[in-house]
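Biologist: Can you walk me through this one? I have the sequence and the model open.
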Amino acid sequence: MASSEFKTFTRDEVAKHNKEGDLWIIVDAKVYDISKFKNLHPGGASVFFDEDIAGQDATEAFYGLHRHEVLERSQYKRLQIGVLEGEKSVIQGQVAGQLSKVPYAEPTWLSEGYHSPYYTENHRQFQKAVRKFVDDVITPDALARELDGKPPSKSVLEAMAQMNFHAMRMGPGKHLKGRELIGGIVTPEKFDYFHELIITQELARCGARGYGDGLMAGSVIGLPPVLNFGNEELKSRVVPDVLSGQKLICLAISEAFAGSDVAGLKTTAKKTEDGKHWIINGTKKWITNGTFAHYFTVGCKTDDGFTVILVERGEGVETKSIKTSYSPAAGTAFVTFDNVKVPVENTLGPEGGGIFVILSNFNHERWVMCCSAARSQRFIVEECFKWVSQRKAFGKPLHSQAVIRSKLAAMVARVESVQNWLENITYQMNNMNYKQQASKLAGPIGLLKMHATRTAQLTAADAVQIFGGRGITRTGMGSFIEHYHRTVPFDSILGGAEDVLGDLGVRQVIRNMPKAARL
């Protein structure tokens with residue numbers, strides 16, 4: 001019901017309804033009759049009388065305890081009976097598809113009055129369309145699946161496929177040729193890494209970490225080896241199914257015995273006597289999307305060294321869900337291969353050349369994680385700025401305390417440094433061929449991921465302190481803070497642990513030190 005259709009009341013009229021069986025309150029110039037609801041209130045009916053808000057303006061009390069979206073729920077909307085005469089509502093929730101006006105809630109290039117050397121008008125049009133799609137289609141499903149632990153809904157994956165999101169998440173390349181990208185806003189030839197960065201960062205805004213991985217994150221890291229190293233028959237059979245969202249693929253490298261130490265993997269692949277098949281035995285652990293994947297891009301020990309092979313789910317392939325501290329929506333799995341028979345045509349790249357196949361994908365995988373980590377951290381900064389502005393302590397807004405402002409300053413510095421470094425590297429990716437990227441960017445991307453995930457954990461800890469008990473509560477005001485604090489360690493492990501990636505970056509520096517350099 002529009003506000004013009006409601007009755008109007010004066011504050012004096014509302015004040016008369018302050019009794020047990022006749023109880024009205026005001027929230028943001030809207031009048032609510034809570035006479036029947038008061039006994040259903042989670043905090044009990046007494047709060048309306050103890051806080052002396054019966055018949056009064058409860059706006060400040062409400063927003064000190066509840067998120068704005070509570071008022072948007074149908075059961076609470078029905079309680080509104082009118083509006084205040086001569087007054088207008090001033091509080092508005094985030095409108096789907098629109099930019100936030102909270103300072104530092106958006107990266108600089110999206111903030112009003114700021115400029116960027118990296119993004120074109122096409123990027124801006126693209127971002128607007130992606131955000132609208134994410135807010136309308138993905139976010140509602142994300143919040144629901146985080147609660148029930150189920151994988152992303154098939155309808156969402158299919159809707160993404162219609163816009164060719166799955167294909168765009170693989171980055172620029174030949175696989176985009178002939179496709180209409182998000183309604184034709186960008187052509188396949190013009191699609192670049194900044195377009196892909198936008199997709200990844202908009203997806204991160206839903207604030208549901210496990211769901212984000214469940215949204216075919218396994219395909220982002222599992223399909224490129226097929227695209228780049230599979231034979232034509234294999235690609236024609238597998239790629240269309242994955243990019244259409246009908247089947248899922250995952251990357252199965254890590255084991256209980258070895259993670260970053262790829263050379264220490266124990267899963268084996270032995271050829272049959274006729275040389276036409278591989279027989280694969282072994283286990284993989286912490287495999288994202290493994291529980292519901294149809295294909296597995298598997299790293300195996302072979303007689304020639306290390307080989308990557310595409311395995312289809314079938315006889316001898318078993319997956320078990322691993323309980324983690326984020327969400328079963330990610331499909332994290334323990335995978336067992338028991339005498340699995342696979343055609344040799346499923347070999348990706350040369351036999352014994354698996355290290356190159358896997359390393360070729362690491363830069364892009366880690367860069368994607370940096371994109372997500374930067375935007376997730378920014379989302380928490382926005383939550384904190386909103387909270388300190390509406391929460392009062394000792395009779396003043398929370399931001400009146402210097403210690404709170406100090407934490408916010410550190411948060412802003414961290415997220416801005418990550419985003420700006422990320423955009424610089426993305427620009428380099430746009431202007432380097434693959435060989436140059438592999439030579440020059442492996443170290444910087446490793447260092448950036450280390451920096452992004454370390455700063456993220458600091459921000460998560462600060463956010464909990466700012467929100468207090470709400471920051472460790474899974475519902476209510478601090479629900480996103482609790483979720484972020486609980487799930488942020490995953491980013492520091494996936495794609496390579498922080499110390500390993502930091503060492504990678506420094507070793508690349510040492511390798512390129514000029515011999516003549518001296519103090």
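Modeller: One term to begin with: buried means under 20% relative accessible area, exposed over 50% and partly exposed in between, using a 1.4 Å probe and protein chains only. Helices (H or I, at least four residues) and strands (E, at least two) are DSSP runs numbered from the N terminus. This is a predicted model, in which local features need pLDDT of at least 70 and side-chain atom pairs count only at pLDDT 80 or more, while totals for chains, interfaces and linings use all residues. Residues are numbered from 1 along each chain as its sequence is written, and side-chain values use heavy atoms, with hydrogens and water left out.

Biologist: Fine. How many of the nine residues of helix H18 are buried?

Modeller: Eight of the nine in H18 (residues 479-487) are buried, so the helix is largely enclosed by the rest of the structure. Among them are Phe480, Glu482, His483 and Arg486.

Biologist: What covers the buried residues of H18?

Modeller: The cover includes H6, helix H10 (209-214), H14, helix H17 (442-467) and helix H19 (489-493).

Biologist: H14 is on that list. At what angle do the axes of H14 and H15 cross?

Modeller: Roughly 155 degrees, and the axes of H14 (residues 354-390) and H15 (residues 402-430) come within 10 Å. That makes H14 roughly antiparallel to H15. Axes are lines fitted to C-alpha atoms, for helices over the stretch in contact, and angles run from 0 to 180 degrees between N-to-C directions. Under 35 degrees is roughly parallel, over 145 roughly antiparallel, 65 to 115 roughly perpendicular, and the rest oblique.

Biologist: What kinds of residues make the contact of H14 with H15?

Modeller: There are 17 nonpolar, three polar and three charged. Ala, Val, Leu, Ile, Met, Phe, Trp, Tyr, Cys and Pro count as nonpolar, Asp, Glu, Lys and Arg as charged, and the others, Gly among them, as polar.

Biologist: Which residues of H9 meet H15?

Modeller: Tyr193, Phe194, Leu197 and Gln201 in H9 meet a set in H15 that includes Leu422, Glu423 and Tyr427, where contact means heavy atoms within 4.5 Å. The axes of H9 (residues 193-204) and H15 come within 9 Å and cross at roughly 140 degrees.

Biologist: Now the core. Which residues of the largest nonpolar core touch the most other members?

Modeller: Phe126, Ile138, Met168, Leu223 and Trp367, out of 74 residues. H14 gives the most to this core, with nine residues. A nonpolar core is a set of buried Ala, Val, Leu, Ile, Met, Phe, Trp, Tyr and Cys residues joined through side-chain atoms within 4.5 Å.

Biologist: What is leucine 223 in contact with?

Modeller: Leaving aside neighbours within four places in sequence, its contacts include Met170, Val238, Val242 and Ile249.

Biologist: Different topic. Where is aspartate 28?

Modeller: In the loop between strand S3 (22-27) and strand S4 (30-33). Aspartate 28 has a positive phi of about 55 degrees although it is not a glycine, and it counts as buried at 7% relative accessibility. Alanine 29 lies in that loop between S3 and S4 too, with a positive phi near 65 degrees.

Biologist: And glycine 86, buried or exposed?

Modeller: Exposed, with a relative accessible area of 84%. Glycine 86 is in the loop between strand S5 (80-84) and helix H6 (121-148). Its C-alpha is separated by 8.6 Å from that of threonine 8, 78 residues apart along the chain.
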